[in-house]
Amino acid sequence: MPLDTILLLDTSGSMAGRGLRELKRAAHAFLEGVEETARQTGLKENVGIVEFNTKARIVQSLTNDYRKCLRAIDSLSCSGQTAMFDGLMASLQEIMENGGILRISGIAMTPRIILMTDGNPSGSAGEDEAKKKVLAAALGFGPKWQEVGLPHPVPIACVGCGECDVVLLQLIAKITNGMYAIVDNVEELSTFFKRQVLIIRFAAKFASDLERLRSQVALAAFLEELGEAVEEAELAALQQLLLAMLVVAMADDDSSEHGSTPSATTPTTRHAIEAAPTRGPQQSSTALVPAPASRAPAQRQPTSPAAPSPGAVLRQQEVRQVRSADGSQAVVVRQQEVSRQPDGRVMVAERVMVVRAREEPTPPASRMVAGARQEPTPPASRMVAGARQEPTPPAS
């Protein structure tokens, strides 16, 4: 059954002309790549199209009828402002109503969102308030995924160009364990979208080999075979996104309950996401409405970190907004991994990242790593992982 991807596209007035033409060209290339992956591997991908300008609109619901997707892309036009929050809410609504979890060869793959924008979010209460609402929405795809009724977090891959808010895209990527990329011009969008296709092709090819799926070296070799020379920073970002989408089959999987592990030839199954009450894109409130407790299946409840099953890894994440003594705002991201070793020992690894939220101008030839100072980098190295770029404290 298909994997689910939402293309969340900025069609505000600033994208008119060349920007929209290049966006359509990149989206066409993405859909052609998705179709080719289905032919090569048998893994189809449902694609949904959501646009946001003054308002948000689900242009095409999730489908693997790529002709419908192409017609939806071709119908896009630009006008108005940048209602990014509404776009995220519309994407959540589409995933809740029509999305699902793909299970293949002992792993589960969550849906993903690919967000493209060239500007700053806007709203009736001003730009600062609009940014706060966007971050609140991002929490629903990240650490607050259970409160909105999702069975797993949903990573967001952000690509920005023009006058986009780099810091905001960094924070969205960090909160959702996704990635972000900044391109110097809209012509580079096609490369970004192409590599989004290739990481799914890599996952489909090695779905039964977790060691290879987790190997950055294996991903680099796979991309090189396809003629893609990827810089190390971009490679780390792509792997970050892929690992966020992969959920290793735990004790709550049907295969574990029956004492067997699906083989590489096991047919894939798709678990529907139960719809939970959410605010539609027309709402302006920042609140994310949680799913009623009675709607959530028992296996979706968090497992006690003290006793994961042998070989399993339990991941938890906490995100807090704080204000430092100098008045600047920051986001503190605390991640914890708990695993049980074969000899019964429980190992806990924890990392804490602090991301400054104040805005700084971005020189054209530099990249910004979340939580770090700007450093010059060659133009070819534009992709930066949404998280895990900071040194990790020793395991405790």
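Predicted model: local features only at pLDDT ≥ 70, side-chain atom pairs only at ≥ 80, totals over all residues.
Let's start with helix H1. Helix H1 covers residues 18-41, which is 24 residues. From first C-alpha to last, H1 reaches 34 Å. That is close to the 34 Å expected at 1.5 Å a residue. Just after H1 comes Gly42. Gly42 takes a positive phi of about 85°.

Now, where does H1 connect with something distant in the chain? Look at Phe30 and Phe193. The model has five aromatic pairs. One of them is Phe30 with Phe193. Their ring centres are 5.9 Å apart, with 70° between the planes. The pair is edge-to-face, since angles over 60 degrees count as such. Phe30 sits in helix H1 and Phe193 in helix H6, 163 residues apart. The pair links distant parts of the chain.

That brings us to H6, residues 189-205. Two packed helices are described by the angle between their axes and the distance between the axes. Let's do that for two partners of H6.

Partner one is helix H8, residues 216-225. The axes of H6 and H8 come within 11 Å and cross at roughly 115°. That makes H6 roughly perpendicular to H8. The crossing of H6 past H8 is right-handed. Which residues meet? From H6, they are Leu198, Arg201, Phe202 and Lys205. From H8, they are Ala218, Leu219, Phe222, Leu223 and Glu225. By type, this H6 and H8 contact has six nonpolar residues, no polar ones and three charged.

Partner two is helix H9, residues 232-245. Here the axes of H6 and H9 are 10 Å apart, at an angle of about 55°. H6 and H9 are therefore oblique to each other. H6 passes H9 in a right-handed crossing. On the H6 side, the contact uses Arg195, Gln196, Ile199, Ile200, Phe202 and Ala203. On the H9 side, it uses Glu234, Leu238, Leu241, Leu242 and Met245. These H6 and H9 contact residues divide into eight nonpolar, one polar and two charged. Note Phe202: this H6 residue is in the contact with H8 and in the contact with H9.

Last stop, Val230. Where is Val230 found? In the loop between H8 and H9. What does Val230 touch, leaving aside neighbours within four places in sequence? Arg195, Leu223, Leu235 and Leu238. Finally, Val230 and Ala220 are 10 residues apart in sequence. In space, C-alpha to C-alpha, Val230 and Ala220 are 7.3 Å apart.

How values were computed
Residues numbered from 1 in each chain as written. Heavy atoms only, no water. Helix = DSSP H or I, 4+ residues; strand = E, 2+ residues; numbered from the N terminus. Expected span 1.5 Å × (residues − 1). Axes fitted to C-alpha atoms, helices over the stretch in contact; angles between N-to-C directions. Parallel < 35°, antiparallel > 145°, perpendicular 65-115°, else oblique. Left-handed = near helix turned anticlockwise from the far one by under 90°. Contact = heavy atoms within 4.5 Å. Nonpolar A, V, L, I, M, F, W, Y, C, P; charged D, E, K, R; others polar. Phe/Tyr/Trp six-rings, centres within 6.5 Å; stacked < 30°, edge-to-face > 60°.
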